[in-house]
Amino acid sequence: MDINQNEIRQYVAKTFSGLENELATELKFLGAENIEIIKRGVKFEGNKELLYRANYLVRTAIRILTPITEFKVTDEQSLYDGVKAIQWDEIMTHKQTFVMTADVFHSQIDHSHFAALKAKDALVDFFRDKIRRRPSVDKDDADIFINIHISQNVCTVSLDSSGESLHKRGYRIGADKAPLNEVLAAGLIKLSGWKGDVDFYDPMCGSGTIVMEAAMAAMNIPAGYYRDKYAFEQWTDFDEDLWKAIKEEHDNEFKDIDIKIFASDRSEKAVQIAKRNLKHAGLHKDIEISKAYFDSIVPNSDKGLLMFNPPYGMRLTENDIVRLYQEIGDVLKSNWAGHQAWIITSAMDAAKFIGLRPSKRIELYNGPIEAKLLCFDLYEGSRKEKSPDYRKRKDDPGHFRTGKTKYESKPRPFRRDENDSEARDGDERRPYRGGSRYDRDDNRDNKGYDKRRSDSSRSYGSRDRDEKRPYKGGGGRFDRDNHVDNRGYDRKRSGDKPYGNNDRDEKRPYRGGFSKDGERGGDKRSFRENDNRGKRPFKKDDSGSKSFRGDDKRSFKKRDDEASKRKKDAKKVTVRFKRKRLD
């Protein structure tokens with residue numbers, strides 16, 4: 001495959017989800033045409049020069065592909081036939097090594113590794129059938145990188161012009177645990193809108209990826225400046241003179257910066273790794289790095305930008321991650337007034353404890369982890385004070401958007417009298433704190449009680465008395481007035497039960513017995529009204545017997561201890577016998 005320098009071809013640039021617009025902006029700046037944003041990528045058209053420039057300059061691209069052919073795929077045999085039909089001897093030689101990768105989405109071939117192996121067999125068989133020789137596979141350091149993309153049963157075979165992923169800039173020789181991807185770090189800086197005009201801070205720098213990408217962007221250093229090689233350099237149509245001219249052009253556009261870039265971390269190990277990376281890139285004089293905790297950092301200027309990647313809670317307990325984000329919010333409020341803070345995190349439940357409302361939320365992916373980029377505008381006072389026309393409508397001076405509350409802007413009485421006039425001073429009625437059904441005047445009396453519950457069918461008290469005190473008793477059948485009298489006693493139980501005379505004034509239940517006349521028997525107490533009324537129950541007499549009902553006396557039976565023992569022994573024998581039979 002021979003690509004002329006001025007031949008316009010279609011390319012595909014891949015990126016992270018959420019950075020498609022930033023990638024399209026970079027490609028448009030380089031002169032790309034017919035730009036189309038797709039999921040996690042951008043399609044564009046250009047010549048060979050644009051392909052070289054995009055690989056060298058674009059900061060938000062992971063890799064740039066050159067499509068070769070496209071065909072339908074229904075099964076593994078159709079995939080094999082389609083790949084073998086390509087004239088591979090025009091693209092590479094049998095002496096070159098290659099590696100095959102595959103991406104499969106919504107297809108009958110649902111395994112990417114199987115698709116890559118089948119396409120590799122087709123390429124090898126093409127050379128074996130034509131020249132009786134075959135190229136070798138090298139996964140570590142291949143010359144030709146080939147990508148198979150299958151989506152909706154449509155297979156696209158492309159050459160990868162980048163080779164290794166473009167996030168491998170070449171300046172990082174060491175990394176702390178969970179380092180941030182370089183492409184994602186560059187995308188964060190572009191999303192923040194930082195142009196190198198204010199100081200830049202990273203208080204949790206780790207291995208220094210964010211500050212190094214910020215310095216390269218501010219100093220106009222190309223993204224691939226530290227990189228050794230690209231895959232397109234091994235293509236048969238590679239133009240070495242054009243490639244050298246592009247590199248020399250952009251390598252002479254470096255510039256100095258007037259602002260300062262600061263990096264810090266509480267880990268001594270992370271700081272040492274970041275220092276080695278900065279020295280390897282030659283940026284150790286442009287970035288100040290130190291070991292410090294976030295709450296001990298004092299900004300040198302009144303205005304600047306913070307950007308950092310705090311822990312997501314993968315290796316922290318729930319209490320630790322919540323306390324961490326609480327401390328981040330406290331430090332931002334107290335030390336960084338006038339600055340703008342950008343935080344990328346996937347721990348959104350913990351991020352709520354920062355205590356600040358983000359002005360922007362941007363959905364991103366940090367590898368396979370779904371995350372969000374949050375922007376906090378930090379003011380010395382309130383946000384309303386910084387915005388003099390904060391949501392104010394000039395045609396409505398009493399509107400709540402002026403900053404006043406609803407009742408401060410247009411006060412209204414809570415209740416009106418019968419003539420629908422406003423309440424007077426001294427006749428002010430407190431607002432009811434209950435539900436919405438109590439808010440209407442027709443449902444409430446002048447004392448704030450529900451009229452619907454104070455009728456004859458409720459037990460809130462007599463309808464004739466003035467005080468509407470609610471009944472404190474239980475619910476159900478004791479709540480109706482026909483069952484409960486005005487003292488809170490059950491009429492049904494006080495009519496036919498021997499609790500006392502229904503005509504007496506005091507409704508205290510009687511604990512004693514009754515006389516023949518139906519009156520209380522003074523101090524006498526009995527269980528039933530019988531001939532033995534007046535005798536205390538279970539009282540032993542001189543003969544050793546006790547009275548139970550009337551004069552009928554029964555003597556106690558003496559306990560036969562020997563009989564009970566025999567009975568227990570018999571039970572034990574029975575149990576043993578049963579157990580023996582069961583065994």
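Guide: Two strands count as paired if DSSP finds at least two bridges between them. This model is predicted, and strand β4 (residues 63-72) gives a case of such pairing: seven bridges join β4 to strand β7 (residues 154-160), and the two run antiparallel. Within this pair, Pro67 stands opposite Ser158 in β7.

Visitor: In which order do the strands of the open sheet lie?

Guide: The order is β2-β3-β1-β4-β7-β6-β5, which makes an open sheet of seven strands with mixed pairing. At its edges stand β2 (33-38) and β5 (98-105); each has a single partner strand, so one side of each has no neighbour in the sheet. From one strand to the next, the twist averages 30 degrees.

Visitor: Which strands does helix α1 lie across?

Guide: Helix α1 (residues 20-30) lies across β1 (9-14), β2 and β3 (41-46), and runs at about 170 degrees to β2. Helix α2 (residues 48-57) also packs on the sheet, where it touches β1, β3 and β4. The direction of α2 makes about 125 degrees with that of β4.

Visitor: How is the packing of two helices to be described?

Guide: The description uses the angle between the two axes and the distance between them. Here, helix α5 (residues 182-192) and helix α6 (residues 209-218) pack at an angle of about 60 degrees, and their axes are 9 Å apart. The two helices are therefore oblique to each other. The crossing in which α5 passes α6 is right-handed.

Visitor: Which residues meet where α5 packs on α6?

Guide: From α5 come Glu182, Ala185, Ala186 and Ile189, which meet Thr209, Ile210, Glu213 and Ala214 of α6. Sorted by class, this contact has five nonpolar, one polar and two charged residues. The spacing of such residues may be read with a general rule: an α-helix has 3.6 residues a turn, so residues three or four places apart point the same way.

Visitor: Which residues of helix α3 are buried, and what covers them?

Guide: The term buried applies under 20% relative accessible area. In helix α3 (residues 76-84), the buried residues are Ser78, Leu79, Tyr80, Gly82 and Val83. Their cover includes β4, α4 (112-131), β6 (144-151) and β7. Two strands of that cover, β4 and β7, are the antiparallel pair joined by seven bridges.

Visitor: Is His250 buried or exposed?

Guide: His250 is buried, because its relative accessible area is 11%. This residue has its place in helix α7 (residues 240-251). Apart from neighbours within four places in sequence, His250 is in contact with Arg53, Tyr56, Leu57 and Pro222.

Visitor: How is strand β14 paired with β12 and with β13?

Guide: Strand β14 (residues 369-377) pairs with β12 (residues 340-345) in the antiparallel sense over six bridges. Strand β13 (residues 360-366) also runs antiparallel to β14, and seven bridges join the two. Cys375 in β14 is the bridge partner of Trp342 and also of Lys360. In the hairpin of β13 and β14, two residues lie between the strands, and Gly367 takes a positive phi near 70 degrees.

Visitor: What does the secondary structure of the chain come to, and what percentage of its residues is buried?

Guide: The chain has 14 helices and 16 strands. Of its 583 residues, 38% are buried. As to contacts between residues at least 6 apart in sequence, 65% join residues at least 24 apart.

Technical notes. Residues numbered from 1 in each chain as written. Predicted model: local features only at pLDDT ≥ 70, side-chain atom pairs only at ≥ 80, totals over all residues. Heavy atoms only, no water. Helix = DSSP H or I, 4+ residues; strand = E, 2+ residues; numbered from the N terminus. Axes fitted to C-alpha atoms, helices over the stretch in contact; angles between N-to-C directions. Contact = heavy atoms within 4.5 Å. Parallel < 35°, antiparallel > 145°, perpendicular 65-115°, else oblique. Left-handed = near helix turned anticlockwise from the far one by under 90°. Nonpolar A, V, L, I, M, F, W, Y, C, P; charged D, E, K, R; others polar. Buried < 20%, exposed > 50% of the residue type's maximum accessible area, 1.4 Å probe, protein only.
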